[in-house]
Amino acid sequence: MAPGGMAIVGPDGRWQKVNRSLCEMLGYTPAEMLATNFQGITHPDDMDASLEYAMCAFDENVKTINFEKRYIHKDGHTIWVDLSIAVVRDKQNRPAYFITQVRDITKHKRAREALLESEKRYRQLVEISPDAIIVQGNGIIEFVNPAGIQLFGAAHLNVFMGQSLMDFVYPQYKEVLLRQLQEVKSHNQQTPSTQLRLLKLDGSTLYVEASSIAFQYNDRPCTLTVMRDITQHKYAEMATRRSEELYRTMVSNFPNGAVLLFDRQMTLSVVDGLGLKDMGYSKETLEGKNIWDAFPIDTAAKLMPNLRAALTGRQSVSELTFGQRVYQVRTIPVRNEAGDIYAGTAVTQDITERKKMEESLRRAHEELEIKVKERTADLLFANVALKKEIQERRQVQDALDTERKRLFGVLDLLPVLVS
């Protein structure tokens, strides 16, 4: 049995002889095949091309014909075949018959179509991808998708032709990309994402997260690199880091107290301040611990209402006695960029001396009040005595006035008495 379909076909297209393999391939019996011609089982869309190839056989210079076409199986489905036709001529050099080899390539054809469809979809994905995609062959850029062109601020793909991706990498990051590309070449697998700083065509810089993988492009081994712009995220991260460094600097130098940053699980993430030592603690012994594990139970219990208040959005101020010291505790909610509360801050400040001063002032005020009251009482007593003395003096004066009037009256009578 021949490994593929074999047939002898006449110049009119009729099947003159067919082997079993061909019959099984097309689903017909030998008798059914010999009763028809190749036109009868050819796919309608391939009919014109089949007739054109058949006409080529009448060219005296043509000895063999090779092409692909579709036959219709007896049950109606399509079969792709590869035809190899040898032209046998008569004495007048006209085609006498054709020896035809028929090879079923349906699976190969479908696989090829699936591959082409997959490549088409992949190219569409590459074209619409928001991430930059760059293909390099032997270190030279061969393809950049629209997102990549936009990323570098270019007008068109030709700007990149003949250049290396390395030409667009910030000097301090070239070694990073080089290691990534070497890893692809050595292990033939996708590399982990790494951060790169790139140079745009206008000289400005941007940050990307890049990953590379081995890739077949135009039937050649190449390297495909995917880049995602993280410039805004990077700058935000740098700003956050600077803010955190400033925050830690301020916190670590916070005088006469301490600052505690706690999350919703009451875990202390940041603890610092010059007053920690006076409390018998250090940042190393507190950071990472839960409030209940960091402090004595009674101290934690007193702190909890204020800490919970901060996590619900309320500020609070209270006093806490710790050992021989008195602290003012102010709790404040901490919000993220969206305005959501994700943590709280407790600012503690040693107010022991202030409390002592307040107590001294209170006592001095009390003593002053006592002295004022005593002085007031003395003044009241003196006032009563003075009033009494004034009254007595008035009585004496009244008596003197009465006596004087009497004397003046006697004196007025003397002339009369003398006469």
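## Close-up views of a predicted model

**Figure 1. Residues lining the largest cavity.** The largest cavity is lined by Leu260, Met279, Phe295, Thr299, Leu303, Leu307, Leu320, Phe322, Tyr327, Val329, Ala346 and Thr348. The model shown here and in the following views is a predicted one. The volume of the largest cavity comes to about 110 Å³, and the structure holds one cavity of 30 Å³ or more. At least two lining residues come from each of four elements, namely α12 (297-311), β13 (316-322), β14 (325-335) and β15 (341-350). The greatest share is that of α12, which supplies three residues. Sorted by class, the lining of the largest cavity consists of 10 nonpolar and two polar residues, with no charged residues.

**Figure 2. The open sheet of five strands.** The strands of this sheet follow the order β2-β1-β5-β4-β3, and their pairing is antiparallel. The edges are formed by β2 (15-18) and β3 (64-72); each has a single partner strand, so one side of each is left without a neighbour in the sheet. On average, and with direction ignored, neighbouring strands of this sheet are turned by 30 degrees against each other.

**Figure 3. Pairing of β1 with β2.** Three bridges connect strand β1 (residues 5-9) with β2, and the two pair in the antiparallel sense. Within this pairing, Ala7 has Val18 in β2 as its bridge partner.

**Figure 4. Strand β10 and its pairing with β6 and β9.** Strand β10 (residues 220-229) pairs with strand β6 (residues 132-137) in the antiparallel sense, over five bridges. Opposite Val135 stands Leu224 of β10. Strand β9 (residues 205-217) also runs antiparallel to β10, and 10 bridges join these two strands. Here Ala214 has Thr223 of β10 opposite.

**Figure 5. The hairpin turn between β9 and β10.** Two residues lie between β9 and β10, which together form a hairpin. Asn218, in the turn, has a positive phi of about 55 degrees. As background to this view and the next two, most residues other than glycine have a negative phi.

**Figure 6. Asn93 in the loop between β4 and β5.** Asn93 is not a glycine, yet it has a positive phi of about 65 degrees. The loop that holds Asn93 runs between β4 (78-89) and β5 (95-104). Asn93 counts as partly exposed because its relative accessibility is 29%, a value that lies between the limits of 20% for buried and 50% for exposed.

**Figure 7. Asn188 in the loop between α7 and β8.** Asn188, which is likewise not a glycine, has a positive phi of about 55 degrees. Its place is in the loop that separates α7 (174-187) from β8 (194-199). With a relative accessible area of 57%, Asn188 is exposed, since that class begins over 50%.

**Figure 8. The protein chain as the setting for the close-up views.** The secondary structure of the protein chain consists of 13 helices and 15 strands. Its radius of gyration is 54 Å, well over the 22 Å given by the globule rule for 419 residues, so the protein chain is more spread out than a compact globule. Along the principal axes, the C-alpha trace of the protein chain spans about 215 × 50 × 45 Å. Of the 419 residues in the protein chain, 34% count as buried.

Conventions
Residues numbered from 1 in each chain as written. Predicted model: local features only at pLDDT ≥ 70, side-chain atom pairs only at ≥ 80, totals over all residues. Heavy atoms only, no water. Buried < 20%, exposed > 50% of the residue type's maximum accessible area, 1.4 Å probe, protein only. Pairing = 2+ DSSP bridges. Axes fitted to C-alpha atoms, helices over the stretch in contact; angles between N-to-C directions. 1 Å grid on protein atoms, 1.4 Å probe; cavity = no way out; pocket = protein on both sides within 12 Å on 5 of 7 lines; lining within 4 Å. Points joined across faces, edges and corners; volume = space filled by probe spheres on them. Nonpolar A, V, L, I, M, F, W, Y, C, P; charged D, E, K, R; others polar. Rg over C-alpha atoms; globule rule 2.2 N^0.38 Å.
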